[in-house]
Amino acid sequence: MSSPKTLDPHSVSTAPIVVGIDDSPAAMSAVRWAAETAGARGRELLIAHGTNVNVIVGVMGTFSSVNAEVEQSIQSFGADLVTRAQDVAEKTSPGLTVRTEVSPAHPARLLIDLSATAHLMVIGGPAERRGLNRIGSILVSVASQAEGSVVVVRDDRSADRQSAPVVVGVDGSPVSDAAVGAAFYEASVRKAPLVAVHTWSDMYLARYSGFVDTTIEAAQTTEAERALLVQRLAGWQEQYPDVQVSRDIQLAGPIDHLLSWSERAQLVVVGSRGRGGFAGMLLGSTSNALVQRASCPVMVVHPSKD
């Protein structure tokens, strides 16, 4: 006799929206986005900050008096940080229930652990979209290893896009299917249209340009890809009949196309790995590029472990 299916911990009414913060401007943008979302969904907001204090103090050596002073300073900084973030959240969404946590754990470890029972995990993204400072170990660690869905928020420029669509990248993989489900849910609760984007690389066709009729091959491929997209969306459209769906099928690479959509979307949703990904990698190339460079919040969806 099989055991009953376990409830999804990310969907239960008690699951909070968790936002991880540091002292960056993007963190406060993430707090505002998380507070608006938590308020709209009647969920608790948990503001979390990991100090990594034990490692920091350990690196400094065995001078107990110095260590105690440093530890107190780090703890005070964290407490002040979450207090300021709580004030921002409560002003953003009056009446919101807010809880805070300052932990001695490493920030990435804290947020990954909290993601197991979070409705959404929200973090701030890099301020710059070029150069080495757009690569952050905490961002990559949380986005790649957290459970459920992780939303990366860079700034508040998407705040005026409430009528803009939710955009989801669809590649036909099982991980992509989880992203499609999350995107339909987000579009439904936001009362927003959904754009399902399906692209494939044109490298194969370009390789044989001039040798075969690539126009015919492209047309045939387009029809096959269109059929695949319709198949992937069908069940979700039945589950969410209120969501208006449009399809964008392009003979192009996914990164640039989804980055372009991010300039006019309120949220872009992608799977944590594409169809070429494998379990041991951090993030797929598309999701990695989007969390670091997109112009709107990006949701990275991890499939259920069930």
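Helix α6 (174–190) gives the largest share of the lining of the largest pocket, 6 residues. A pocket here is an open set of points on a 1 Å grid over the protein atoms alone, where a 1.4 Å probe fits, with protein on both sides within 12 Å along at least five of seven lines; lining residues have an atom within 4 Å of a point. Helices are DSSP runs of H or I, at least four residues long, and strands are E runs of at least two, numbered from the N terminus. Keep in mind that this is a predicted model, where local features need pLDDT of at least 70 and side-chain atom pairs count only at pLDDT 80 or more, while totals for chains, interfaces and linings use all residues. Residues are numbered from 1 along each chain, and side-chain values use heavy atoms, without hydrogens or water.

Back to the pocket: α5 (137–145), α8 (214–239) and β10 (298–301) are also among the elements that supply at least two lining residues each. Of the 34 residues in the lining, Asp8, His10, Gly148, His302 and Ser304 are the closest to the centre.

Let's pick out Asp8, which sits in the segment before β1 (17–20). A polar atom of the Asp8 side chain lies 3.0 Å from the backbone nitrogen of His10. Thr117 is 109 residues from Asp8 in sequence, yet their C-alpha atoms are 9.0 Å apart in space.

Conventions: Polar contact = N/O pair within 3.5 Å; in protein donor to acceptor, adjacent residues only side chain to side chain.
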